[in-house]
Structures are given as structure tokens and as C-alpha cells.
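Here are some questions and answers for a reader meeting this structure for the first time. Each answer sets a value beside the rule that gives it its name.

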Amino acid sequence: MAAIELSEVRKVYAGGVEAVKGVSLTIPDGAFCVLVGPSGCGKSTLLRMVAGLESISGGTVRIGGRVVNDLEPASRDIAMVFQNYALYPHMTVRQNLEYGLKNRRTPKEEIARRVEEAARILEIGQYLDRRPGQLSGGQRQRVAMGRAIVREPAAFLFDEPLSNLDAKLRVTMRAEIRRLQRRLKTTSLYVTHDQLEAMTLADQLVVLNAGRIEQAGSPMAIYEKPASLFVATFIGSPAMNLVPLDGPGASPLATLAGPGKAKQTLGIRPEHMRLLEGGAGVRADEIVLDLSVSGVEVVGAESYVTGRLANSGPEIAVRVPGYSHLEPGASVKAAAPLGAFHRFDAESGRRLELA
Amino acid sequence: MIERDRGGRIFAHLLLILGVLIVAFPIYYTFIASTQTIQTILRPPLPLTPGGEFAENYGQALFGGVGRIGGVDVGTLLFNTSVMALGIALGKIAISLLSAFAIVFFRFPFRMFFFWMIFVTLMLPVEVRILPTYKVMVDLGLIDTYAGLILPLVASATATLLFRQFFMTIPPELVEAARIDGAGPMKFFRDILIPLSRTNIAALFVILFIYGWTQYLWPLLVTNDNRMNTIVIALKKMVSFADADTPWNLVMVTAILAIVPPVLVVVLMQRWFVRGLVESEK
Amino acid sequence: MPKAAFPNKILPYLLLAPQVLVTLVFFYWPASQALYQSVLKEDAFGLKTEFVGLSNFSAILSNPNYLSSLQTTLIFSVSTALLAMAPALLLATAAEKVVRGKGFYRTLMIWPYAVAPAVAGLLWLFMFNPTMGTFAYMLRAYGVAWDPLLKGDQAMLLVVVAAAWKQISYNFLFFVAALQSIPRSLVEAAAIDGAGSTKRFWTIVFPLIAPTSFFLLVVNTVYAFFDTFGIIDAVTAGGPARATETLVYKVYIDGFVNLDLGGSAAQSVILMAIVIALTAIQFRYVERKVHYA
């Protein structure tokens, strides 16, 4: 058990490209930390630097208080689960699980005990003598996790472990990883580009963009108070609606601007708005927006109605419970609570708080 | 096939049988001759079925020694040829595995320089540089040694290129997983890379064994001592049409014995051999 | 992302060392010696050498013996390549047609690959030599003046047949692989378009295996150039009267028998140039083959 501490970690490739530009982050002992961001944001590079698979160009990485910058991956007391599983194809499942322990000269009885236990936890006991090629994707993923578990490491590292699974299996495995981590209480660092996966798994969520941390915190804290326009649009689906205050159709919202003279952009999440249909009234703490419907997406339990603000303004999505019968071209009014708006500096993208 | 073309199929079978007969006949002919007395051989036409001298001829050739090639028995020749063929096959596989491993799984200065240095040797068979290579052998004192028979033929790029190509298909995550599992490069090489390359190694072994066994020019040059001859060279030395006392029955036995081991290797390891051949030339 | 690599600094050089060492000693050193020798002339006693520039080359290229050897090599190579490929293609097509016994035929067909060229030459010589060859005996009985040991064209015929015989297996395997890789749907489409089986072969199958055929043509030519030394030496020793003296055989004779070091080295250099050209053609073509596949 150990905390992972990154301080001012940098990665510069030989060609001069700076993939990670000074990341400082502390993952407390036993926490599940998820790094999320678009592809190319440096999240995998960061993970691989913690693993020891990439050299560290600057800053320090500590695992359990020990600086590991110059240690081989095997000496860092970590275990990793790869996207394509990376199981040894010529070894049986049992041999795959045993390999790392044998290389560490773990006593035979101890190896047997740990393999038994991992097999029990992951329910892969009946596959122990098969080769990876004879297993399904989900089973291989379990074996890959088993290989990490038997090591009883100070930290688990996950590199997009669910991306190769189909949608349904991904949901099951996600829950399973979460349960497993709660049970073992092993510090975990998990990389994904899927914000839903990130939200559901993380104790600590870290949003990365262009080699820097945009925001770190609990998933709900980030969801409720995104620190920047980038985070606001990256976390949450469908994305937060944005209205530049100097843009078309924004005049009714001018009063909502925050302090300061900078140009501002307002944001509001689709689920915080409602359509004024069938004579529903407007409350005092709401503001009304005129939308011309451009599309309707029916998900099943709910629908998302998108419409242009004041004909020429930005597109705004509104969540509607149940099935919406609106047709494109229709005019509709939407109400939004004043308190649900987020304010951002349009230039820097940073969040503005009301005084 | 598209039509249930019975006539065509029968014709195809006939064609194949004819092909097999032509392909196999010279070997059969020689085998027949190897079971006859020298008198029968010298009085054509040769009978179409084996004669009664099988045990006598083969026994004498294998263990008795053949006068024309300095009294060396064919057993010794087979041993020499086996050493040469195995040495070339195993030596080439070993050094190629190592160098391909270095080129694919490490990053170091002059990596591509070494790659090209090896690659260029692909273009120059030993036949085109015989004389200077021979001089090198003399200078190094390798005439009439097994090392002299083997080493110059071990330097070739084909096997290295083949392994390089195969290694590049191995997912990089496998290397990373192994590093996290505490396997250093040599452990990875032994525990993961070699087992994964088994099929390629088997295929290459067959091709290189044949290559080594069928060498002619090189063993001709580097062996002066009859005791160091390979079977192919000795066979050539035994044959003389000008000479009345060529032991034709023993010549035929030697020819058959020169053919059988490599044919066995090819036929028994056919599956790997065919795959390896067609792949290595791509 | 760069390919995963081990961080060791010294180890890769150690791993490369055996191959690099063998290559330097047995390849680069002799090859550079050949280049060096090719511009020198040694006197009859090997006491003095002098730099003669390209005169060894001009001497060779104006030597009628060399030019006739070049011609011999071309005739030999082209005949061998064609004779080794045509029956192989025919047999491979037949093997594609049969349903049963494919493996059986293949097993019997691949033997000659394992036979050393020199031994292959001797096998044919056993059957066709005038002293005791059954076929020589039969030819004579039919009134053919058969004696490959004295008649140049007959000697050439014999080495060509022996060389081609050995190579049929190899070509057969490649043609079978090429035929198997033709998408069945193409042939079926042609059949629906009303093409008969012969027409299908020439309009669909043959163009599709053309890359393989071209590849085999190069390989067989290289084989005939270099790997047939054993056949020539065992069957004719370049004779009679130089009728079967190929370029490689001549390098050997001039170097080891006539001890003309400069001339032999210059011939080696010319041969190297030929091999490099053939290899380059092959590589260019391999790229194209990927397109077809």
C-alpha cells in the first residue's frame, strides 16, 4: 500500500515534442485515480512514466515515499493491465499468473496460494490450464487483472483496459474492477478516454489536456464546478451548452455575467433546463430562452431536444423526460434556473466565480 | 471446382502421376543400381526392379571404406556432412536470432548501420567471392577443419531478415508486460521470444539444413584431406568415366545415402518447410 | 509511439557481435580483397604485383572466351528457368484440380529440392552416360548419336535438364501457393460470364499469378547462375570444349586452376554487379507484388 506522488513531471521526446508539461499530483494510499482526456493529451505517457516504461525527462515520481525515477519497472512494486491484455500467448493462464512471481523467486507454496486466491476472486479457476488464445475477450481481461493481483503490488496501473471489449461487457467489467479495488484497497491509477468510465470509477478524477492537468478532484466536484471550458465540455454527456455572451442571441443572458470586464461565456447543462410545453409556467428564479428546434434525439427514458438560440445563436440541448414529439423547425421556449449557470472567461477558458 | 468435371480431374491425376514419375525416376533408377552387382550396372539396360546386392553393397560402402577416396568409409562422410549441415543450420539460426533480437528490441547508436551492413550480405552468395574467401581461410588456418566448412556459410542475411520481420509483429506490450514481470532482456529472449518463434525456427532449420547438406563449391575448396570430405564431394571424386575401375555399385550406394537424409528432413518436416519456404522468399 | 525497447546500452552490441564478426571476416574482407585484386596484376611467379587500373576488366570483356562463357550462361539460365517453370505450373494447376491426394502428390514432388545440385547432375549422368546409362543405350538403339561427354549441345541439354529437374519442386510449391491465393469468387465470376476453363486460365488465373511467375523467373535465373556450379562440375566440368562453362565456373577455373588472380577477381566483381542488379529487380518487384495481393 502506498501513495503515488508526482511532482512537476515532464516528458520531452527526442524530437522536442513536449508530451507532459509539468504535472504535480498526489494519489493517496488506497485511492482510485482516473486520468481522463482526449487522445494525445499525455495521459498514457504519464502512466507509462509511473510504470517505468518511459523515461522521465523532468520532475520526480514517488511510490510509497520512494523516488522511482531511475528504477526498472520490475523494481517499482507496481503491476499493470494493458489494453490488449499482453498475455504471453504460449503460456497457460496459470503460467501467465506465475511468471512474474517466479522471476521474483517467490516460494512455490506462496505462488500457489496467490494464484488460487486470484483465480477464486476473478472466477477463472476453470481456465487455469488453457492458453489465452482459447479464451474470450472478457476472460482474457480477467486473466490480465489476475496477473496484476497475484503480484500484490503497491499500486495497480490500468492503461485503457476496457477499450477492446464490447459495450455490454465493458459495463460489467467496469463494475467488477471497482469492486475489486474497493476490496483490495490497492492504490490505482487508471487511464481512459471515456468520461463515463472515468466518472463511475474514480475516487479522484484528473482531467488532462495538452500535457497539463486541467482539473483534479472528486468526480462530482468536477461535474458541478468544472474549472474550465475544456472540462465543462469534456465531462458530461451530452456536453454542457455554451453561450458566448458577445455572440448572437445572447442578449437576454447579459444580466447573468460575472464580475470583471473580460469577455465571458455562459454554460448550462442540458439536464438543468426544461421545455415550457403544455402551459407550464415560469418560476421567478428562471430565465426563458427562445429555441428553434433543429433535432430530437430519443434515448428511451429521456429525449434530448436541440435547438438554435434565437434562430442564429449557438445550439442548446435540453433534456426532456420520456418521448418528445417535437419536429425540427418548431419554436419552443426553454426555462433555465439562474443558479445553474456557469461563467467562464472566454479568453483563458477559466471558470469565473460570482463575488 | 466450378464444374463437376470428372474427365478433367482424371486427366489431372494422370498428369500428376506422370510428373511424380519423372521427378522420382532418377532417384529410383539410382536406387535400383545401388542393389546390383557392378557387372549388371555396366551392362545396360538396367533391370527395373531391385537386385540382390542391397546388404552387400550398403555394408561395404558404409563401413568398408572406398579405395578411390582414400579408403574413407561413407559413414565418416555422412558424419562430416551432418556436422556441416547442422553447424550451418544451428549456427545461422543462433546468430540470426541474437542479431535480430538486438535490432528489433533495443535502441542504440548505429542500429540501422548494423542492419544495413547485414542486409547487404543478402546480395552476395559465396560463389562470387570464392578466391578471396579461400585466402582468408588459408590465413586463418581453417582448411580441413569443421569450422572452415561452417563459418563462412553462417554469415548471411536471410535468416536475420526473417526473424526481424517476425519479431516486428510481436506486440510491444508483451515486452512491457515482461519488464513489469521482472524479466530482463535475456530472460525475455529465452522465456518468451524463443518459444514464440518455434515455428519459424523449425522452418528455417529445414531450409538451412538442406542448404548446408547440398553445398558443393565450398567444401570442395576447403577440404584437401579425404577424411574431411562431405558425401557430395566424395561422390564426385569417386566417379570417373575414363577409369575402368570406378566402383559403380558403391557410387550408387553413396548417391542414395547422399540423398536420403535431406529428403527425410524435408518430407518429415514438410509442414514447416513449405510454410517457411514460401514465407522466407516473400 | 516508439516501439517498446529494453534500455540496455552495451547488450545489443554483444548480441550483434557474432553476426557482425562473421560478416566482417568472411564477407566484407574477402569482398574488398576481390575489389582490390581486380585492379592488380601479378607476375607469373607471384613475386611482383602492380596496379593496372581497369585493364583486368577490359581484358576480360574483350576476351572471346569470356564472352562465349557469358553467352553460355545466358542460354543455360534461360533454358533452365523455362524448363523448370513450365512443368511446375502445369503440375500445380493439375494439383489444384484434384480433390483427393493433394498432400500425397506434394510429398512426392518435393524430393528433388533436398537433392544436392551435384548429386542431381550425377543422377542424370548415370542414366544418360554412354558407358552404362540405360537411356544412352536406348537412344543409341534408336540410332541417335548420343554422347554428351563429347558433344557440346548434348552436354548442355543434359545439364539443363538436371538443373531444371532439381528446381521443379521449388517452383511447384510456389505456384500451388499462388493458385491457392486466387480468390475463388473471381474464377466463379468469370465462369458466370461464360468463360470456359481454358479461357479462365489465360484471362484470369494466369494474370493473377504473373507476379509469382516473374518472381520465380528471377529466382530461377539466380539459381542457374550460381547454384548450379555443382551440376556443371560433376557432369561436364565445363566441357566438352568449354561448351558448358558458365561464368561462375570460369571464375573458379581461372582462379584455382589457371591461377590468374587479377582476372578471377575482376570476374568476381562483375558477378557481384550482376547479383546486385538481379536482387534489386527482385526487391522492386516484391513491392509490386504486395499491390497485387
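Q: Which residue in β19(A) is the bridge partner of Arg343(A), and what makes β18(A) and β19(A) a pair?
A: The partner of Arg343(A) in β19(A) is Leu352(A). Two strands are said to pair if DSSP finds at least two bridges between them, and β18(A) and strand β19 (residues 351–352) of chain A are joined antiparallel by two bridges, so they meet that rule. Strands here are DSSP runs of E with at least two residues, and helices are runs of H or I with at least four, both numbered from the N terminus. The two strands form a hairpin with five residues between them, and in the turn Gly349(A) has a positive phi of about 80°.

Q: What kind of model is this, and how are its residues and chains labelled?
A: This is a predicted model, in which local features need pLDDT of at least 70 and side-chain atom pairs count only at pLDDT 80 or more, while totals for chains, interfaces and linings use all residues. Residues are numbered from 1 along each chain as its sequence is written, and chains are lettered from A and ligands numbered from 1 in the order in which they are written.

Q: What other strand does β18(A) pair with, and over how many bridges?
A: Strand β18 (residues 342–345) of chain A also pairs in the antiparallel sense with strand β12 (residues 264–268) of chain A, over four bridges. Within that pairing, Leu266(A) has Arg343(A) as its bridge partner in β18(A).

Q: Why are β2 and β5 of chain A said to stand at the edges of their sheet?
A: Four strands of chain A make an open, antiparallel sheet in the order β2-β1-β4-β5. In this sheet β2 (18–27) and β5 (66–67) each have a single partner strand, so one side of each lacks a neighbour in the sheet. Two bridges link strand β4 (residues 58–63) of chain A to β5(A) in the antiparallel sense, and Arg62(A) stands opposite Val67(A) there. Helix α1 (residues 43–51) of chain A packs on the sheet, where it touches β1 (4–12), β2 and β4, and its direction makes about 115° with that of β1(A).

Q: Which residues of helix α2 of chain A are buried, and what do they pack against?
A: A residue is buried if 20 or more other C-beta atoms, placed from the backbone, lie within 10 Å of its own, exposed if 12 or fewer do, and partly exposed in between. In helix α2 (residues 93–103) of chain A, the buried residues are Val93(A), Asn96(A), Leu97(A), Glu98(A), Tyr99(A), Gly100(A) and Leu101(A), and they pack against α3 (108–122) and α4 (137–149) of chain A. Just after α2(A), Arg105(A) takes a positive phi of about 55°. Of the 355 residues of chain A, 39% count as buried.

Q: How do you know how α1(B) and α5(C) are oriented to each other?
A: Axes are lines fitted to C-alpha atoms, for helices over the stretch in contact, and angles run from 0 to 180 degrees between N-to-C directions. Helix α1 (residues 6–33) of chain B and helix α5 (residues 117–128) of chain C have axes that come within 9 Å and cross at roughly 70°. Angles under 35 degrees count as roughly parallel, over 145 as roughly antiparallel, 65 to 115 as roughly perpendicular and the rest as oblique, and α1(B) and α5(C) are therefore roughly perpendicular.

Q: Which chains are in contact with chain B, and how many residues take part?
A: Two residues are in contact if their C-beta atoms, placed from the backbone, lie within 7 Å. By that rule 85 residues of chain C are in contact with 81 residues of chain B, and 17 residues of chain A are in contact with 14 residues of chain B. No contact joins chain A and chain C, whose closest C-alpha atoms lie 8 Å apart.
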